[in-house]
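I opened this structure to look at one helix and the space around it. My notes follow the order in which I looked things up.

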Amino acid sequence: MKIGLETESMHLWFQNGKMDIFSYIDFAKELDCDGVIINIIKDFGLDEEWGCLGSNEEHHLKKIRAKLDEYNMYCEIDAKGFDKNKFEKIAKVAQILNTKIIRSYVPLTDKSKKVKNASDGSFDDSKITALFNKEEFLNSSNEIKALIEILENYDLKLAIENHEYQTSSDLLELLALINHPRVGFLYDFGNSMMAYEDPIKACKDMAKYTFSTHCKDHIIFNEDGVDYVCGVPLGEGNIDIKACIEILKNEGLDRINIEQCYPYCANFKREKGTGGVDKLGEGAFKIEKPLFKGLKAMQYYYPQEVSNEHLEKLLRLQKEGCKKSVKYLKSII
């Protein structure tokens, strides 16, 4: 199986000006990866419209394509939402980069929130919490169906992600409403946990329709009475990654993309039992200890808000974690 690396795996390096898309592709090549996923969502320190990609200027994109071709690497794009005008722009970017798969997800937001800190959700309040409305979620099928012509014209596949709020059954209902071979799933190994769904169950449900992946590992810990899902390097958490890969492989998937969400913490987004898990403490939901002293859970992702010392430490750990994650994945596939 081929191995790809998602830019989120080095988010601190991008957000703090330590890396751009060119040096990132070099880094992925150094780790002997076969491809990359470029996240184009805005965040701290990133381009407002094109995130880690930096720009959709044609000369810039052609330079990226040349580097990908030099290294014989594939490229996927991670986007957000289903706005038709934006999606047409993304499709044009994909054409230049020779991208065939675009990930997106149904975004949630709470416009009543007024926060200043990134760790409080100023860039994406759904990272903290938002209300999941099943009817609104399923109604997004109309937006997605409006993109099918673009998918056909540009020879693209759209991979809808289980993005923390949705169970696999929610996604299967949505997919049934769309019912088109160019629309399937991106299976995220860890995101179902935030909806109290076991990763293996989600994998079994989604595998048949899965175009792409975010391979990650998680632990659970409790801080000040609140339970958190926390990203760790592959092999250092409690997700049965090997079992999930076997399920996906048996359905014909030939590439696994690492999205090492470390350092990162997330709240549980749905009620206990929503995805079939009604208590914590076993399997993927085994409870461990918090990772870092001096940082609260929701500060792991943005340590620069606390101190430069914490940032420098987590920059180093994130890079080491990427190397560990690729090595671990290679060891099991």
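This is a predicted model: local features need pLDDT of at least 70, side-chain atom pairs count only at pLDDT 80 or more; totals for chains, interfaces and linings use all residues.

Entry 1, length. I looked up helix 4, which runs over residues 84–97 and has 14 residues. From its first C-alpha to its last it reaches 20 Å, close to the 20 Å expected at 1.5 Å a residue.

I listed the buried residues of helix 4 and got Phe-87, Ile-90, Ala-91, Val-93, Ala-94 and Leu-97. Seen down the helix axis they fall within an arc of 165°, so they line one face of helix 4. An α-helix has 3.6 residues a turn, so residues three or four places apart point the same way. On the other side of helix 4 I found Asn-85 and Gln-95 exposed.

I then asked what the buried residues of helix 4 pack against. The list holds strand 2 (35–39), helix 3 (58–71), strand 3 (74–78), strand 4 (101–104), helix 6 (148–153) and strand 5 (157–161).

At the N-terminal end I noted Asp-83 as the cap of helix 4, with a side-chain oxygen 3.3 Å from the backbone nitrogen of Asn-85. Just after the helix, Asn-98 takes a positive phi of about 60°.

I counted two cavities of 30 Å³ or more.

Conventions. Residues are numbered from 1 along each chain as its sequence is written. Side-chain values use heavy atoms; hydrogens and water are left out. Helices (H or I, at least four residues) and strands (E, at least two) are DSSP runs, numbered from the N terminus. The expected span of a helix is 1.5 Å times one less than its number of residues. Buried means under 20% relative accessible area, exposed over 50%, partly exposed in between (1.4 Å probe, protein chains only). The arc is that of the directions from the helix axis to the C-beta atoms. Contact means heavy atoms within 4.5 Å. A polar contact is a pair of N or O atoms within 3.5 Å; within protein, one must be able to donate a hydrogen and the other to accept it, and residues adjacent in sequence count only if both atoms are side-chain atoms. On a 1 Å grid over the protein atoms alone, a cavity is a set of points where a 1.4 Å probe fits but cannot get out, and a pocket is an open set with protein on both sides within 12 Å along at least five of seven lines; lining residues have an atom within 4 Å of a point. Grid points are joined across faces, edges and corners, and a volume is the space filled by probe spheres set on the points.
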